[in-house]
Amino acid sequence: MESQNTNVTENAKAMLKNAKTLKLHTGNLVIRSRLKKKCPSSPSEELQDCIRATLIDWLSTTTQLPSEGGVSDTVDCSIPEATEAIKPEEREELKVSVKLFLCETDQSSIPEAVEMACQTLAVSQLDSVIIAPRGLPEGEVQTLAHLQPAWEVLEALVGSKKIAAIGTSDLDKDLLEQLYKWSQVKPSSNQVNLASCCVMPPDLTAFAKDFDIQLLTHSDPKELMSSSTFQEAVQESTKELAVADWRLEWVLRYSIIVKSRGIIKAKGYLVNGRKASP
């Protein structure tokens with residue numbers, strides 16, 4: 001049995017070593033025994049714990065085998081038993097909410113992340129998606145021009161019925177108003193970080209009320225996870241795997257909420273990492 005487990009782990013490590021893309025799904029954190037008793041101090045710490053635990057479990061249990069020659073472009077790292085797919089008969093009773101953290105400037109990652117979420121949760125449409133764009137260099141101020149490319153992609157996904165409603169994160173009143181006036185699909189919500197703003201700004205509150213925009217709160221840092229922290233989490237889980245050329249492309253956090261009771265049935269992360277081209 002020990003020899004069999006060793007072979008499973010070595011096969012998994014071989015796939016990771018040769019892969020160009022890592023797609024990781026933490027599964028439902030509400031039921032993950034390795035994680036549900038933990039109380040992380042921050043969303044960033046929670047994500048690191050999730051990546052480490054998921055990789056450790058996957059390395060020891062995966063039944064995937066390396067493709068011929070031991071080379072596979074993409075490794076799907078997930079724990080099937082912990083996945084919370086939605087049954088068709090219960091879909092109307094559930095709300096699927098998502099926050100998408102972009103770590104790169106490539107907007108093509110948005111539909112990729114949305115499609116992965118839909119496939120993972122077995123739904124044809126996400127009820128809401130809040131976008132958290134990549135952080136700007138020190139001293140640079142976010143403008144409408146920074147938001148427009150990602151928002152146009154989200155609008156197209158609303159048009160194709162992959163998303164029902166789209167929202168923003170950390171916009172002040174002026175920028176939210178600019179986005180509202182410019183956009184074809186209006187923002188349905190705007191998240192405000194109460195760590196930097198203990199009370200909702202009155203002008204933002206008034207504008208949101210006038211245009212039916214829901215104001216939400218969050219505690220996410222400006223950068224949920226850097227590529228170096230991602231590399232560290234992977235390294236700690238796989239030990240000898242070289243990770244210096246891996247970068248984090250996006251992180252998607254989802255919640256499945258029972259509408260009638262307001263409780264979270266499932267929550268988890270989808271993570272996409274890619275190896276830099278030589």
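Start with two neighbouring helices: Lys-173, Leu-176, Glu-177 and Tyr-180 in helix 5 meet Asp-203, Leu-204 and Phe-207 in helix 6. By class, this contact of helix 5 with helix 6 has 4 nonpolar, no polar and 3 charged residues. Contact means heavy atoms within 4.5 Å. Ala, Val, Leu, Ile, Met, Phe, Trp, Tyr, Cys and Pro count as nonpolar, Asp, Glu, Lys and Arg as charged, and the others, Gly among them, as polar.

This is a predicted model, where local features need pLDDT of at least 70, side-chain atom pairs count only at pLDDT 80 or more, and totals for chains, interfaces and linings use all residues. Residues are numbered from 1 along each chain as its sequence is written, and side-chain values use heavy atoms, with hydrogens and water left out.

The chain has 7 helices and 9 strands. These are DSSP runs, numbered from the N terminus: helices are H or I with at least four residues, strands E with at least two. Of the 278 residues, 47% count as buried. Buried means under 20% relative accessible area, exposed over 50%, and partly exposed in between (1.4 Å probe, protein chains only).

How do the helices pack? Two packed helices are described by the angle between their axes and the distance between the axes. Axes are lines fitted to C-alpha atoms, for helices over the stretch in contact, and angles run from 0 to 180 degrees between N-to-C directions. Helix 5 and helix 6 pack at about 25°, with their axes 9 Å apart. They are therefore roughly parallel to each other. Angles under 35 degrees count as roughly parallel, over 145 as roughly antiparallel, 65 to 115 as roughly perpendicular and the rest as oblique.

Now turn to helix 4 (residues 144-159). Its axis and that of helix 5 (residues 173-182) come within 11 Å and cross at roughly 45°. Helix 4 and helix 5 are therefore oblique to each other. In this contact, Leu-144, Leu-147, Gln-148, Trp-151 and Glu-152 in helix 4 meet Leu-175, Gln-178, Leu-179 and Trp-182 in helix 5. The residues here divide into 6 nonpolar, 2 polar and 1 charged.

Which residues of helix 5 are buried? They are Leu-175, Leu-176, Glu-177, Leu-179 and Tyr-180. Their cover includes helix 4, strand 5 (163-169), strand 6 (189-193) and helix 6 (202-210).

Last, the cysteines. A disulfide is a pair of cysteine sulfur atoms within 2.5 Å. The count comes to 0 disulfides. Cys-77 is buried, with a relative accessible area of 0%. Cys-118 is buried too, at 2%.
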